Protein chains: 2
Amino acid sequence: MTTPLISAAERQRIRSGAHSGPTAGLAPGHVQANLAILPADWAGDFLRFCQANPKACPVLAVSEVGDQALPTLGRGIDIRTDVPRYRVYRDGVLTEEPTDIAALWRDDFVSFLIGCSFSFEEALLADGVPVRHIALDRNVPMYETGIACVPAGRFSGNMVVSMRPMTPRDAIRAIQITSRFPSVHGAPVHFGDPAAIGIRDIAAPEHGEAVPIEPGEVPVFWACGVTPQVAIRNARPPIAIAHSPGAMLITDLLNTQLSVL
Amino acid sequence: MTTPLISAAERQRIRSGAHSGPTAGLAPGHVQANLAILPADWAGDFLRFCQANPKACPVLAVSEVGDQALPTLGRGIDIRTDVPRYRVYRDGVLTEEPTDIAALWRDDFVSFLIGCSFSFEEALLADGVPVRHIALDRNVPMYETGIACVPAGRFSGNMVVSMRPMTPRDAIRAIQITSRFPSVHGAPVHFGDPAAIGIRDIAAPEHGEAVPIEPGEVPVFWACGVTPQVAIRNARPPIAIAHSPGAMLITDLLNTQLSVL
């Protein structure tokens, strides 16, 4: 079993600038999280949006106002420096992708950390269910769908999903396994026909990288923690900061601790 | 909540000859069971076959040799009279379908009662997942597949499956719900392309009645308690007695008692 020291060491490496890319495979066993930072006067609406859309936006932690720490996720976390690459949205438009946000920090910022499918992928692999994008060493393909999230205040938008191709047999097992992890997106939201959820071209994901679907496989779709970035683009707060998809916050929590069964 | 008196009353009605057809919908809430009766010198192999193929042949109870009672399933059960319609196999060939088997009873007979999907269908309906053949008041469609069961002694054969068409969304929920019921076939074994499990014509089930698959739905397949009858046909014991598909033993157990979660 890994120890929290591994996660702390990886955060330190990221904080130092030695790693600024995707975090898949780093600190095995540890929970990684999606990030959304909003000014306090936008935070209430955003938290209600997450509460109303728990499959896409399962909240693992919310910071105190202006506080860069996240004590329930790990000792010594500084959210201004510990994510490898950030995305800064101004009035809903992506303007920059820095590797730290110390210069942008405001004392009214609230950080939301949202569950990530890396946690359940580890459980799938441990159970012998292959995960195509990991086997191919690619970022998971992510698609903007036609599934409307439940709006809350100024936040609204369609769900983003991640896709993993599987045989029906593996998909059934994957539904069982991921159902045990409601705080990291839980069971899939769809399988099979992409058009049924408004995906136009399965070969052209809006985020991440495409992967091949082999004969006898079906695409299986999970709600994705990039969904909040769609809602932020739509809501157009004067400033919001998220992670670059795939470059997550590494926490001290263990994936197994998120399993409810 | 229903009480055991309802199940006993239905058994009495069946025993009297007043009901000789399918048992779907009778004694709501109570477990119904598939039947296989074999001579004692065939029973050991058959029990090993069931043990090796638990999804198709989940054993709820095995009688004492020569004993018509099944005390763990219900007070006063007489397996010679309490199933609405039986199927008698001689040397693996179906020869008759009587409504009682008192005249055929032997003191070396062993009865096997095997879980039935009626139990999880009740849980599906209670959760708002529609079940097509129930809505259409038909027997569930059942197919002989190319999925080989694990052989045991003289018993071998391919799995029989039941099929329910569902939207992917309902199928995902159904996988969660039926996973809670391992003793009544548990999670599906397949969904989607029928040919992938050796089904030639989805419109022509070998047992039960066909149901339409609507646009946007996929067929979802569960292992079925008719599988033992295929194994009996192949093994050709001098005599074996089963139930007529759909005409089950009604027990005093409650479906909810079979849920593991």
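The largest pocket in this predicted model has a volume of about 900 Å³, where a pocket is an open set of points on a 1 Å grid over the protein atoms alone at which a 1.4 Å probe fits, with protein on both sides within 12 Å along at least five of seven lines, and a volume is the space filled by probe spheres set on the points, which are joined across faces, edges and corners. Of its 36 lining residues, the closest to the centre are A:Lys55, A:Ala187, A:Pro188, B:Ile172 and B:Gln176, lining meaning an atom within 4 Å of a point. Strand S6 (142–148) and helix H5 (168–179) of chain A, together with helix H5 (168–179) of chain B, each give two or more residues, and H5(B) gives the most, eight; helices (H or I, at least four residues) and strands (E, at least two) are DSSP runs numbered from the N terminus.

The second largest pocket has a volume of about 650 Å³, and the closest to its centre among 31 lining residues are A:Arg169, B:Ile147, B:Pro188, B:Val189 and B:His190. Here the largest share of the lining, six residues, comes from H5(A).

Residues are numbered from 1 along each chain as its sequence is written, and chains are lettered from A and ligands numbered from 1 in the order in which they are written. Local features need pLDDT of at least 70 and side-chain atom pairs pLDDT 80 or more, while totals for chains, interfaces and linings use all residues, and side-chain values use heavy atoms, leaving out hydrogens and water.
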